[in-house]
Amino acid sequence: MADKKNLLLLFDHPTEPVFMDKGGNGTVFDVPDSYVTDRYNQMCKKVQRRVSSASEKNVLVKEIAIPDLSCPMRLGRSEQFSLFLTSHRKMASHLIEIFTKMPTVDELQSVAVYARDRVNPVLFNYALSVALLHRPDTKDLELPAFAQIFPDRFIDSQMLRSMREESFVVERSAARLPVVSSVKYTASDLDVEHRLWYFREDLGVNLHHWHWHLVYPIEASDRSIVDKDRRGELFYYMHQQIIARYNAERLSNHMARVQPFNNLDEPIAEGYFPKMDSLVASRAYPPRFDHTRLSDVDRPKDQLRVGIDDMKRWRERIYEAIHQGYVLDTNNEKIVLDDSKGIDILGNIIEASDLTPNSTLYGDFHNMGHILIAYSHDPTNKHLEYAGVMGDASTAMRDPIFYKWHAFIDNMFQEHKRLLSPYEKQELCFPDVRVESIQVESQGQVNKLTTFWQESDVDMSRGLDFVPRGHVLARFTHLQHHAFSYTIKVENSSEATRYGYVRIFLAPKLDDRNAPMLLEQQRLMMVELDKFVVTMPPGSHTITRNSTESSVTIPFERTFRNLDKLEELQNFLCGCGWPQHMLIPKGRPEGLRFELFVMVSNYEEDKVEQTAADCGCSIAASYCGLRDRLYPDRKSMGFPFDRKPRRGSEILENFLTPNMRAVEVIITHEDRTEKLRELPARS
């Protein structure tokens with residue numbers, strides 16, 4: 001029986017032939033002759049002897065009858081794969097179905113080995129990743145980080161050249177020096193938007209977006225892969241939180257909140273020049289110039305035809321449904337957009353997942369918005385150009401227009417939320433429970449948090465093809481903060497033990513004009529920091545919680561892996577989650593004022609009844625849910641700030657009930673870099 005961990009080797013060196021050595025230790029797949037492509041059929045064994053000694057590990061591949069792969073093979077090996085394209089999603093769905101329906105790991109390995117050299121490498125990676133995450137016999141495997149397999153989507157092309165040079169010239173891995181990523185390499189200070197380079201181009205932030213779409217595919221033949229608990233609502237909430245977090249960074253840099261891109265006829269003011277090459281497509285990611293206008297996209301090769309009028313029509317129908325309070329399914333039956341399920345239905349409609357009740361009526365709004373922008377430089381394929389970064393889930397967040405587009409998308413969701421009745425006091429209170437005080441402590445300081453820059457290394461050798469083996473490190477500079485802890489004092493005045501759900505949020509206190517925010521504005525900038533269950537015996541009780549335990553983030557080591565501690569990472573089965581180093585905004589050198597909000601709600605009312613079995617993936621549940629389980633909170637995502645405030649609660653102070661508390665926290669940025677060891681000068 002095949003060792004399922006060998007399946008992970010198929011991700012290594014994605015554009016090399018499958019029979020080349022994998023895993024960094026000379027492991028090779030013993031591929032049946034009928035599986036080898038015609039080009040290498042006569043030389044496969046000779047190449048294997050050259051690249052791997054006989055003492056190294058061989059993985060036997062069982063020869064079986066291969067299912068029809070003609071559908072996924074329609075996308076060329078060197079073409080660009082995009083989850084936002086319907087035709088590409090259908091190809092991926094077909095391949096996912098093949099992978100998931102293989103009865104055994106042995107047969108999955110056989111068909112995956114055969115497909116690997118015939119299917120587009122990114123399509124193969126996506127389909128195999130989704131299949132491994134959802135097969136009962138492989139879902140406990142830890143997928144390699146996408147950045148380590150396709151480094152070209154996370155670093156500039158000049159850095160890639162230097163990494164190849166290092167691996168070719170320096171034979172021993174231990175003697176190789178990390179290749180340092182340039183800071184601010186995509187634009188100069190003349191571009192105001194480039195102040196946010198550290199957020200938009202952060203490795204962990206972009207990995208989060210890619211991995212979320214792995215966990216929540218838009219389309220699959222097996223409906224259960226898509227039909228997950230509150231999937232549409234998670235699409236809304238995860239992206240809403242990204243916009244809230246982005247706006248906090250804009251305020252940290254003395255910039256106004258992002259303006260929604262709600263007029264498709266207006267030019268896009270901001271250009272973006274990614275400075276990246278696609279290793280699969282062997283092309284540079286095309287730039288978008290300032291003041292580019294959108295045009296109808298007509299690219300028959302991609303089975304793609306979408307116009308601005310289509311987008312306007314879909315938008316009007318969605319807004320009409322929101323205001324009517326219901327949507328129509330394909331049988332013209334009404335589906336009510338109620339308080340609990342309405343946002344989930346809207347999420348599936350706007351993203352146009354397989355769960356949308358009527359794709360003909362409501363269209364493919366979110367995805368086609370990405371596509372219109374991604375092809376704005378060559379909408380008719382006149383110049384044979386591929387999509388810009390907005391056309392790929394792993395690169396879209398690098399572009400300033402991503403946030404404008406998603407601010408517009410969020411406005412559609414907020415239109416629905418504003419029509420819901422505000423939460424009344426009785427819905428917010430927790431009888432007999434009072435939050436007496438809250439504070440955060442970091443580095444011996446109370447209610448003061450500090451951010452700074454930090455260097456970290458990532459091994460990207462397994463994504464560097466056709467070069468000598470061994471570690472090749474990329475060194476990144478990223479935002480970081482000192483760890484902190486919460487201290488929350490609560491009083492339970494009843495005579496029984498109570499169980500509470502602690503909800504912690506952070507939002508700027510002042511707007512971009514330095515004026516106090518009304519709660520209707522501030523609630524949209526509330527960033528969830530943590531959510532956890534506590535036991536409260538009668539009397540006063542002190543709750544402590546470390547920032548590293550956040551229900552929003554994945555551990556720092558999951559993004560920047562320490563190569564000396566790989567064995568300790570085996571428990572980090574989840575790649576989905578916000579990066580820990582980006583938990584809080586940058587702040588300002590002089591300090592930026594934020595409101596830290598804590599609420600203890602009644603867990604008996606909030607809990608979701610489900611089996612206590614280990615789901616194998618329980619971190620970062622706020623944005624990513626729990627694998628194979630229900631979302632662990634009965635309340636709406638973002639509660640209690642997901643609806644407009646009740647009358648008389650125009651400011652946060654008036655909104656508070658006894659089981660809530662808010663305190664001012666200052667975030668200060670120190671413009672210094674915690675460096676790794678100094679690198680000797682290159683000769």
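Predicted model: local features only at pLDDT ≥ 70, side-chain atom pairs only at ≥ 80, totals over all residues.
Three residues, Tyr237, Arg245 and Leu251, supply 18% of the area that domain 2 buries against domain 3, more than any other three residues.

Let's step back to see how the chain is divided. Domain 1 covers 4-141, domain 2 covers 192-419, and domain 3 is made of 425-461 + 490-674. The C-alpha centres of domain 2 and domain 3 are 26 Å apart, and their contact takes 38 residues from domain 2 and 51 residues from domain 3.

What crosses this interface? Between domain 2 and domain 3 there are 4 salt bridges, along with 20 residue pairs in polar contact. Several helices each bring at least two residues to the side of domain 2 that touches domain 3, among them helix H8 (203-215) and helix H15 (400-418). Helix H10 gives the most to that side, with 15 residues.

Now turn to the cysteines. The structure holds 1 disulfide, which joins Cys576 to Cys624 with an S to S distance of 2.1 Å. Cys576 sits in the loop between helix H18 (556-559) and strand S19 (578-579), while Cys624 belongs to helix H20 (residues 621-624), so the bond ties together parts that are 48 residues apart in sequence. The torsion about the S-S bond is about -80°, so this disulfide is left-handed. Both Cys576 and Cys624 are buried. Elsewhere, Cys71 is buried too, at 13% relative accessible area, whereas Cys429, at 30% relative accessibility, counts as partly exposed.

Definitions and conventions:
Residues numbered from 1 in each chain as written. Heavy atoms only, no water. Disulfide = S-S within 2.5 Å. Helix = DSSP H or I, 4+ residues; strand = E, 2+ residues; numbered from the N terminus. Buried < 20%, exposed > 50% of the residue type's maximum accessible area, 1.4 Å probe, protein only. Domains from an automatic or database assignment. Contact = heavy atoms within 4.5 Å. Buried area = accessible area lost by both parts, 1.4 Å probe. Salt bridge = Lys/Arg side-chain N within 4 Å of Asp/Glu carboxyl O. Polar contact = N/O pair within 3.5 Å; in protein donor to acceptor, adjacent residues only side chain to side chain.
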